[in-house]
Amino acid sequence: MFRLLAAILVFTGLASAVNADLLQTGGSRWVVLASTRDLDNAIGIANLYQHRFDDVRVAEASNGWLAVIAGPVSIARGAKAAREELWSAGGFPPDLFLSNGQSLRRTVWEPPKGRPIPTWSYKGGQPLVFSAGGLEIEVSHLAEGNTRYPSITLRRAGRLLIKEVLKGSESFGDNMNAEVRLVWLDRAVAEPQIIFSSHWNGAHCCTVSKILTKVGNGWTSIEGATLDGGGYRLQDIDGDGSVELLSVDNSFLYTFAPYVFSSAPLVISKLDGDRLIDMRWNSAFRRYYRRELFGWEYRAKLEPEIWRKNGFLSAWLALKSVLGESDQAWTVVLENYDRSSEWPLTVCDAPLKEGVCPEEATREVSFPEALRDHLARNGYLGPQVAKIEETSKPTEQPSPADSTSTPAAPEKGAASSAGTGFFISKQGHLVTNHHVIKGCSAIEVRRPGQLRLPANIVAVDPTNDLALLRVESDTGAYASVRVETRLGESVAVFGYPLSHVLASGGNFTLGNVTALAGLGNDTRFIQISAPVQPGNSGGPLIDSYGNVIGVVTSKLDALAALAVTGDIPQNVNFALRGASLYAFLLSYGISPVAGSNTQKLDAPELAERASSFSVAVTCE
């Protein structure tokens, strides 16, 4: 008995030692903000609250979950009053609670402390002279009439090394906001770097910076970005001893919404010799970007209306693009963006002249087109141009269980697969399913009653089963695209099914949207009751106004369903959503004509319209 009691006492003592720093006694408590099993998610949430509390961390609870805790806060007036005070400040979850820490085992993450960065401020007036890092540093100003610009001079043993002036930050009189920071941005250099910055005297903008660093035997100056607010934040993210420069992409501010409704994605830069390197696509920083995204999405969870704000959506999509997740993110954007916004949006159809678009080249566009153009111009899109596969590769035939293309055996002189497609631009671009053209060495398309035209592959998206083709000589009709889908709405399918058996002029069927998700609750797809057959793959799903709202992709295997359920399903077919199609096209620089809801068409008119932009697709 004594040994058992001793063991219990030892275990209890160890447990207390482990979480002693988490226990709050007396008049203070931790604020428990969230719980999750994912550490990166927890850290992303914790980062949102660092500026609001002295201590924010992630702790492991006794049930194995990770708790995001902050504080401590006083409960002198009671726990209820403390919670209500937090809620009244805004930005806190409705289910937050207070804890004394007894259920918390240990701290698993807290913000990196790092070494304090030596910093000196200059407000104008007499020069500021000091020594740091073996350098003699003087901060003063250059006067030009009534305008004054901050300046910095570096010397060693009285010898001039470099002198720089921040011409982008002017002030009037002795009222400056200049700052000098001494920090190791590049450990490969023998001496630390100096960040010299100054903030304009304005409501929102801006801080200009120069980075002074030794290169070879001399010193040089590197222009930093002009940044909203306080300028660069500093953190050694990858732990290599060199501090990274953190900022936001100011190009997003005022672009899609007024300043107060604008958001801007994170940018991480690293000094390498005499240049700053953008680290957005460096895998070493992917986890940091992932945490940033989790924080954004937690904020949106607290403020669901933010998903309707174009300023937020644009920056969120940029972050998703950095993480390689732009396809599904585009679908969210297209289904949620504010179509009533009157914020002016334009693109430039000519090269900029000194950073300004020539007036005659400025064109007003929709939010999706403006966003795609902005992402492309600012390095957030990576083109994935497909190449036609080698003819020596065997043709892969899709199973009838998961596609509706014609499963014909490849023979010399015979089509190896057949399906449907539809034109999407006046430049001859058309869309079909990826599985229709996969493995093809030659592709041809044909409008009803016309000759076949050779088509080239522009891009493919195997994940969403889409392919973008182009023909060189076609000026016929092309489709408009609508991104919204309503449960129960009437739809029609046009295509060229069983082309070796059925009419070669096309086949038209009617039905309804029967579910807003596909198999496995996959929200990229919708379920439809319009009958489809092998060969309908890649064809348009159109609404009552003649707009394309989806791309026919597959039908449920009736025999397989019979074996599982004991019943034969009736007209269970699937199409990729119009929003996913729209996103795919935007990714490759094509802005589809937006669908309209002005005039409903009867069935014959719908069939005529669908036939005008649809084609039979064959490949060998």
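**Ground rules**

I am working from a predicted model, in which local features need pLDDT of at least 70 and side-chain atom pairs count only at pLDDT 80 or more, while totals for chains, interfaces and linings use all residues. Residue numbers start from 1 along each chain as its sequence is written, and side-chain values use heavy atoms, with hydrogens and water left out.

My helices (H or I, at least four residues) and strands (E, at least two) are DSSP runs, numbered from the N terminus. I call two strands paired if DSSP finds at least two bridges between them.

**Entry 1: the five-stranded sheet**

I started with an open sheet of five strands, ordered E4-E1-E3-E2-E5, with antiparallel pairing. Its edges are strand E4 (97-99) and strand E5 (104-109), and each of these pairs on one side only. For angles, I use axes that are lines fitted to C-alpha atoms (for helices over the stretch in contact), and the angles run from 0 to 180 degrees between N-to-C directions. From one strand to the next, the twist averages 45°.

I then looked at one pairing more carefully. Strand E1 (residues 28-36) runs antiparallel to E4, and three bridges join them. Trp30 is the residue I found opposite Ser99 in E4. Helix H3 (residues 79-89) packs on this sheet and touches E1, strand E3 (66-74) and E4; contact here means heavy atoms within 4.5 Å. The direction of H3 makes about 130° with that of E4.

**Entry 2**

Four bridges hold the antiparallel pair of strand E18 (residues 266-272) and E19. Lys270 has Ile277 in E19 as its bridge partner.

Helix H2 (residues 39-48) packs against H4 (residues 286-302) at an angle of about 65°, with the axes 7 Å apart. In my classes, Ala, Val, Leu, Ile, Met, Phe, Trp, Tyr, Cys and Pro count as nonpolar, Asp, Glu, Lys and Arg as charged, and the others, Gly among them, as polar.

**Entry 2: H5 and its two partners**

How do H5 and H6 lie relative to each other? Helix H5 and helix H6 (residues 326-336) pack at about 170°, their axes 9 Å apart, and they are therefore roughly antiparallel. My angle words: under 35 degrees is roughly parallel, over 145 roughly antiparallel, 65 to 115 roughly perpendicular, and the rest oblique. Among the residues in this contact are Trp316 in H5 and Trp330 in H6. The residues divide into seven nonpolar, three polar and one charged.

With helix H7 (residues 367-377), H5 (residues 310-322) crosses at roughly 40°, and the axes come within 11 Å. This pair is therefore oblique, and the crossing is right-handed. Asn310, Ser314, Leu317 and Ala318 in H5 meet Phe367, Leu371 and Leu375 in H7. I counted five nonpolar, two polar and no charged residues there.

**Entry 3: two hairpins that share E25**

Strand E24 (residues 443-446) runs antiparallel to strand E25 (residues 453-461), joined by three bridges. Glu444 stands opposite Pro454. Six residues separate the two strands of this hairpin, and Gly449 in the turn has a positive phi of about 75°.

E25 also pairs antiparallel with strand E26 (residues 466-470), over five bridges. This hairpin has four residues between its strands, with Asp465 in the turn at a positive phi of about 60°.

**Entry 4: disulfides**

I found two disulfides in the structure, taking a pair of cysteine sulfur atoms within 2.5 Å as one. Cys348 and Cys357 form a disulfide, with S to S at 2.1 Å. Their link is right-handed, with 90° about the S-S bond.

Methods:
A crossing is left-handed if the near helix is turned anticlockwise from the far one by less than a right angle, and right-handed if clockwise.
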